[in-house]
Amino acid sequence: MAIDVATVRKVARLARIATPEDRLEPLAQELNGIMAWIEQLAEVDTDGVEPLTSVVGAGAPLRDDVVTMGGDASVITSNAPKSVDGFFVVPKVVE
Amino acid sequence: MSTLTSLTLKGAIDGLEAGDFTSVELTTAHIEAIEAARALNAFIVETPEQALSMAAASDARRALGVAGPLDGAPLGIKDLFCTKGVQTTACSNILKGFVPEYESTVTSQLWRDGAVMLGKLNLDQFAMGSSNETSAFGPVTNPWRSTASNKALTPGGSSGGSAAAVAADLCLGATATDTGGSIRQPAAFTGTVGIKPTYGRCSRWGVVAFASSLDQAGPIAKTVEDAALLLTSMCGHDPKDSTSLDVPVPDFTQFVGKSVKGLKIGIPKEYRVDNMPAEIEKLWEDGIAWLKEAGCEIVDISLPHTKYALPAYYIVAPAEASSNLARYDGMRYGLRAQGGNLTEVYENTRAEGFGDEVKRRILIGTYVLSAGYYDAYYLKALKVRRRIAEDFDKAWEKCDAILTPTAPSAAFGLGENSNDPIAMYLNDVFTVTTNLAGLPGLSLPAGLDSNGLPLGLQIIGKPLDEGTVFSVAGAMEKAAGFNAKAARWW
């Protein structure tokens, strides 16, 4: 299951990380090295084993469906790269 | 002044209570120590004015007789904890200039109990690293040096700034976080005490997320008692974190100094790894002897899936990271790069804002979660994770706590492992199992190697049984009599 240049290109695109063409081959090699080391997991017998997603036993806690915070747009937008009057300013999405 | 910075946290609080000195004096001494130690690069943001105003307020509280358990004690805060009004970056470029409008639950509890903030501490970028070299602010240098050379050594990672600052007496204690060993390995490399509590003890709210099912906060401190004091303040239920445990928090300091007579201590045979330095093997034997002497019963146990913990971790953690770090899109906060269209803006922002190790892990995480590989990698890793947790469940039928080395080596040179990701990952071979199983683990300094560098031993406890961990650690600290300090060169 070797990772080739096309796979790196696809994964980088999925992860939204711009990756120059000349970095794809070295990255493929690096990732293959790591994944080859990870392959040893295949040795473990996991038939019938439930995946462990959380070490906290309890289910999701519930709370009253009430507003607990909010109402201060200037606080929310204070770290925005660009904002106007409590709104985030983002690049145009729809052509 | 140097006498004030060489105090333990407990010693300092006792001195404040006795009126031997004020928090302003204590804090000033630490501010001066930080200024004189910039060569270590442990603090990336210094907040002396805020520290002095918090110290003055503390002195006023103490004069009124309403001092909290940590009142007036100056601490360092790992730059993964959001601090209101003080830059929080996770040592990344993507968050440079980010000034939170809110305070993390853990730090708010420290301030509630009267502690004073000295500033923000360096770490591996987004806590991804074992040597502090992935920080966008440059690596921290370990205050410890080998007697054989003046080479700059790593303080470990990711909480390298926290560990170095405590070891160099720049603060009385520090916050840290641990996803695969990031509290305990740096503690071992710097001759300090660090504990990762049971998953869910400390709220993750306001802590920059890396791998949410593994991340836990904890302290790095000078002594076991100091660590217990800090952890008691840091723990507690928080409705803002859905995985926060709604259980009472005992005063952990009560367990330090308690007899360990009759406790069963498990020694896992699988932790005798290939190429482990003889000195670490010897230290482990010393630890066993100390506990026997203190009346513990030593039992051999088996944790058969130990060798699969790191490979499983390097699927689970990157998978969660790729999801958690998707939020850095350049829209609501952080860096925004230019691009011809929205996708290019995202891609360029993340290419410029993330370092190489962070990108590597996001790519691995995206790959193992992508269509066609999810079952083969991610689901498989979660099943192996259960096997690892079951290993511990079985062990607890035979013992009350487990003793292991903390790390497979002493501190290594900066740059030595940075070109080999897997060699770097292997630093966490003894610590990562407790993250996967959610168990408490504490590292304490137990001796020096032949080059005069500190080595640590780890105590692993049952879920929510930090008390026993502290009792065992207290007994070992007493037996080890470790009181070496890094010789000052900075």
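Two residues are said to be in contact if their C-beta atoms, placed from the backbone, lie within 7 Å. Helices (H or I, at least four residues) and strands (E, at least two) are DSSP runs, numbered from the N terminus.

This is a predicted model, in which local features need pLDDT of at least 70, side-chain atom pairs count only at pLDDT 80 or more, and totals for chains, interfaces and linings use all residues. Residues are numbered from 1 along each chain as its sequence is written, while chains are lettered from A and ligands numbered from 1 in the order in which they are written.

1. Chain A as a whole. The secondary structure of chain A comes to three helices and two strands, and along the sequence they follow the pattern α-α-α-β-β. The radius of gyration of chain A (taken over C-alpha atoms) is 23 Å, well over the 12 Å that the globule rule gives for 95 residues, so chain A is more spread out than a compact globule; the rule itself is 2.2 Å times the number of residues to the power 0.38. Along the principal axes, the C-alpha atoms of chain A fill a box of roughly 55 × 45 × 25 Å. Buried residues make up 18% of the 95 residues in chain A, where a residue is buried if 20 or more other C-beta atoms lie within 10 Å of its own, exposed if 12 or fewer, and partly exposed in between, with C-beta atoms placed from the backbone.

2. Helix α1 of chain A. In this helix, residues 5-14, the buried residues are T7(A), V8(A), V11(A) and A12(A). They cover an arc of only 130° around the axis, which puts them on the same side of α1(A); the arc is that of the directions from the helix axis to the C-beta atoms. On the other side of α1(A), V5(A) and A6(A) are exposed. The cover over the buried residues of α1(A) includes α2 (21-38) of chain A together with α12 of chain B. After α1(A) comes R16(A), whose phi is positive, near 55°.

3. Where the chains meet. In this model, 52 residues of chain B are in contact with 38 residues of chain A. The elements that give two or more residues to the side of chain B that touches chain A are α10 (309-324), α11 (342-353), α12 (356-369), α13 (374-395) and α14 (421-425) of chain B, and the largest share of that side, 10 residues, comes from α13(B). By class, the side of chain B that touches chain A has 29 nonpolar, 11 polar and 12 charged residues, where Ala, Val, Leu, Ile, Met, Phe, Trp, Tyr, Cys and Pro count as nonpolar, Asp, Glu, Lys and Arg as charged, and the others, Gly among them, as polar.

4. An enclosed helix in chain B. In helix α8 (residues 224-234) of chain B, 11 of the 11 residues are buried, so this helix is largely enclosed by the rest of the structure. Among them are the charged-class residues E225(B) and D226(B). Just after α8(B), G236(B) takes a positive phi of about 140°.

5. Two crossing helices. Two packed helices are described by the angle between their axes and the distance between the axes. The axes of helix α9 (residues 278-293) of chain B and α16(B) come within 9 Å and cross at roughly 110°; axes here are lines fitted to C-alpha atoms, for helices over the stretch in contact, and angles run from 0 to 180 degrees between N-to-C directions. The two helices are therefore roughly perpendicular to each other, given that angles under 35 degrees count as roughly parallel, over 145 as roughly antiparallel, 65 to 115 as roughly perpendicular and the rest as oblique. G287(B), W290(B), L291(B) and E293(B) in α9(B) meet A475(B), M476(B), A479(B) and A480(B) in α16(B).

6. Backbone points to check by eye. Most residues other than glycine have a negative phi, and most peptide bonds are trans. C91(B), which is not a glycine, has a positive phi of about 55°, and C91(B) is buried, with 32 other C-beta atoms within 10 Å. L464(B), also not a glycine, has a positive phi of about 65°, and L464(B) is partly exposed, with 18 other C-beta atoms within 10 Å. A cis peptide bond, with omega about 5°, joins G157(B) and S158(B).
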